[in-house]
Amino acid sequence: MKLKFRDFEFPVNPSDIEISSSSNCVSRAVLGKNSNVQNLSVNPVTVTGSGAFYGDNGGEYCAMLQNMLKDKSPGWLLIPSAPPVKAFFTKFTFNKNCKKNCVQYSFAFTEDCTQRAAEKAFTCTVAKEGENAFDIAYRCSVTVDDIMRLNDIRTPFDIAEGSRVIIR
């Protein structure tokens, strides 16, 4: 699986991807006993990474990502070997390396926590050969509208075989 945000799938996975989770805790000393630690809040998950686009299409990919950065609404970030995260695209930098004919880039995504509790219990499925959103909706007992909304797809036929599809 390749890194994907909304309808942009990276042609090659970034060389580095870091997923960071943290919480805010406070520690209070208790006289004659162990300290009392209380978890106050959970911070948004952040996903950062870097990589390179090789060949003549590197500039086009960067332009597409820059345009996505301007759209301030969250979308689903599908990460190889990790659960999906509904996130905002918060940072994108790149530079052209003429010697290597590539564009090197780095990015950051920040979790959208507005509906974290409601969306925590997500479920995914993998699209089978020839399946579209109608087939997956029927197989998984969900609506086509939910599949399209959760996966940021434009038409019910924009699902490729082997794609991870969020259904709840």
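Predicted model: local features only at pLDDT ≥ 70, side-chain atom pairs only at ≥ 80, totals over all residues.
1. Residues are numbered from 1 along each chain as its sequence is written, and side-chain values use heavy atoms, with hydrogens and water left out.

2. How many disulfides does the structure hold? There are zero, a disulfide being a pair of cysteine sulfur atoms within 2.5 Å. For Cys 102, the closest cysteine sulfur is in Cys 98, 9.2 Å away and therefore too far for a bond. With 28% relative accessibility, Cys 124 counts as partly exposed.

3. Next, Asp 112. This residue sits in the loop between β9 (102–111) and α2 (116–119); helices (H or I, at least four residues) and strands (E, at least two) are DSSP runs, numbered from the N terminus. Its relative accessibility is 8%, so Asp 112 counts as buried. Beyond the neighbours within four places in sequence, Asp 112 is in contact (heavy atoms within 4.5 Å) with Pro 74, Lys 86, Ala 87 and Phe 88. Phe 88 is 24 residues away in sequence, with a C-alpha to C-alpha distance of 6.3 Å.

4. Arg 6 is another loop residue, found between β1 (4–5) and β2 (8–9). At 11% relative accessibility, Arg 6 counts as buried. Not counting residues up to four places away in sequence, Arg 6 touches several residues, including Met 68, Asp 71, Pro 74, Trp 76 and Asp 152.

5. Finally, the second largest pocket may interest you. Its lining has 19 residues, and Lys 4, Glu 9, Leu 78, Ser 163 and Arg 164 lie nearest the centre. Two or more lining residues come from each of β7 (75–78), α4 (144–151) and β11 (164–166). β11 supplies the largest share, three residues. By type, the lining divides into nine nonpolar, three polar and seven charged residues (Ala, Val, Leu, Ile, Met, Phe, Trp, Tyr, Cys and Pro count as nonpolar, Asp, Glu, Lys and Arg as charged, and the others, Gly among them, as polar). On a 1 Å grid over the protein atoms alone, a pocket is an open set of points where a 1.4 Å probe fits, with protein on both sides within 12 Å along at least five of seven lines; lining residues have an atom within 4 Å of a point.

Key. Buried < 20%, exposed > 50% of the residue type's maximum accessible area, 1.4 Å probe, protein only.
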